Amino acid sequence: MYGCFHLYRLDAIDGLYRRGYRRIAMMETEETGHDKLLFQRLTDMVEEVNRQYAGDGFSCRIFYSGLDRAKIREALSAYEPDAAFLCGVEHYMVYSDSFSGLGLRVPEDLAVIAASHSKHGGLEYEPTVSTMFLDSYEMGQRAAALLIREIENAETPLSAERKVPYTFIDRQSVLKRKS
């Protein structure tokens, strides 16, 4: 089911771009960086969006800083993003501390979108965090159905059913239009 995980990241980047953000940091965990398949898919995705939006001052980079505040601050200070996509809303406090340490305010200086497996993820922070809600229950249902089809040796192609169900939940961590 996670085979199309890049789709919600692409939609997050596109949404940020349409709102005027041009320097986007994809904050990933070190574990993602060690998974060769995920690493390659993320790398390909970032190369694709950089080509798509080339010529408009757009730049997107991936950072595998894990949850090390010093590494996060170092990466962000060198890149100076105006937006960040966090691989998980549950890590927001670590990132928020790093943003604050650089004098960055959310959303005034840095827009933030995070992945979440709960509709309520991000509500516990101030400002509330905009999320790409990944419906874990729906993902589980689809994965089980795919497994049953595989066991039954179904001939129907499954590629159309492998998309991760997600919804963008717009909250306070992204300005409606960057000034």
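The following paragraphs lead through the structure from its overall plan to a few individual residues.

The model is predicted, so local features are described only at pLDDT of at least 70 and side-chain atom pairs only at pLDDT 80 or more, while totals for chains, interfaces and linings use all residues. Residues are numbered from 1 along each chain as its sequence is written, and side-chain values use heavy atoms, with hydrogens and water left out.

The protein has six helices and six strands; these elements are DSSP runs numbered from the N terminus, helices (H or I) having at least four residues and strands (E) at least two. Read from the N terminus, their order is α-β-α-α-β-α-β-α-β-β-α-β. Of the 179 residues, 46% count as buried, where buried means under 20% relative accessible area, exposed means over 50%, and partly exposed lies in between (1.4 Å probe, protein chains only). The protein exposes about 9400 Å², of which carbon and sulfur atoms supply 52%; accessible areas come from the Shrake-Rupley method with a 1.4 Å probe, and for residues only the protein chains shown count as cover. Among contacts with a separation of 6 or more, 73% are between residues 24 or more positions apart, a contact being heavy atoms within 4.5 Å.

The strands provide the next point of orientation. Six of them form an open sheet with mixed pairing, in the order E2-E1-E3-E4-E5-E6; two strands pair if DSSP finds at least two bridges between them. At the edges are E2 and strand E6 (166-169), each of which pairs on one side only. From one strand to the next, the twist averages 20 degrees. E1 and E2 run parallel and are joined by six bridges. Met-27 has Phe-63 in E2 as its bridge partner.

Helices pack on this sheet. Helix H4 (residues 69-79) touches E1 and E2, and its direction makes about 165 degrees with that of E1. Helix H5 (residues 92-101) touches E1, E3 and E4, and its direction makes about 155 degrees with that of E3. Such angles run from 0 to 180 degrees between N-to-C directions, and the axes are lines fitted to C-alpha atoms, for helices over the stretch in contact.

An α-helix has 3.6 residues a turn, so residues three or four places apart point the same way. Within H5 lies Ser-98, which counts as buried at 0% relative accessibility. Apart from residues up to four places away in sequence, Ser-98 touches Arg-69, Ile-72 and Arg-73.

In soluble globular proteins, nonpolar side chains tend to be buried together. The largest nonpolar core here has 25 residues, and those with the most contacts inside it are Ile-13, Leu-16, Ile-24, Met-26, Phe-58, Cys-60 and Phe-85. A nonpolar core is a set of buried Ala, Val, Leu, Ile, Met, Phe, Trp, Tyr and Cys residues joined through side-chain atoms within 4.5 Å. Among the elements that give two or more residues to this core are helix H1 (6-18), E1 and helix H3 (36-52), and H1 gives the most, with six residues. Apart from this core lies another, of 20 residues, among them Val-89, Tyr-92, Tyr-95 and Val-106.

Thr-29 is found between strand E1 (23-28) and helix H2 (30-34) and is buried, with a relative accessible area of 11%. Beyond residues up to four places away in sequence, Thr-29 touches Tyr-64, Gly-66, Cys-87 and His-91.

Most residues other than glycine have a negative phi, and most peptide bonds are trans. Glu-80, in the loop between H4 and E3, has a positive phi near 55 degrees and is exposed, with a relative accessible area of 59%. A cis peptide bond with omega of about 5 degrees joins Val-106 and Pro-107, and Pro-107 lies in the loop between H5 and E4. Another cis peptide bond, with omega of about 0 degrees, joins Glu-126 and Pro-127, the latter in the loop between E4 and E5.
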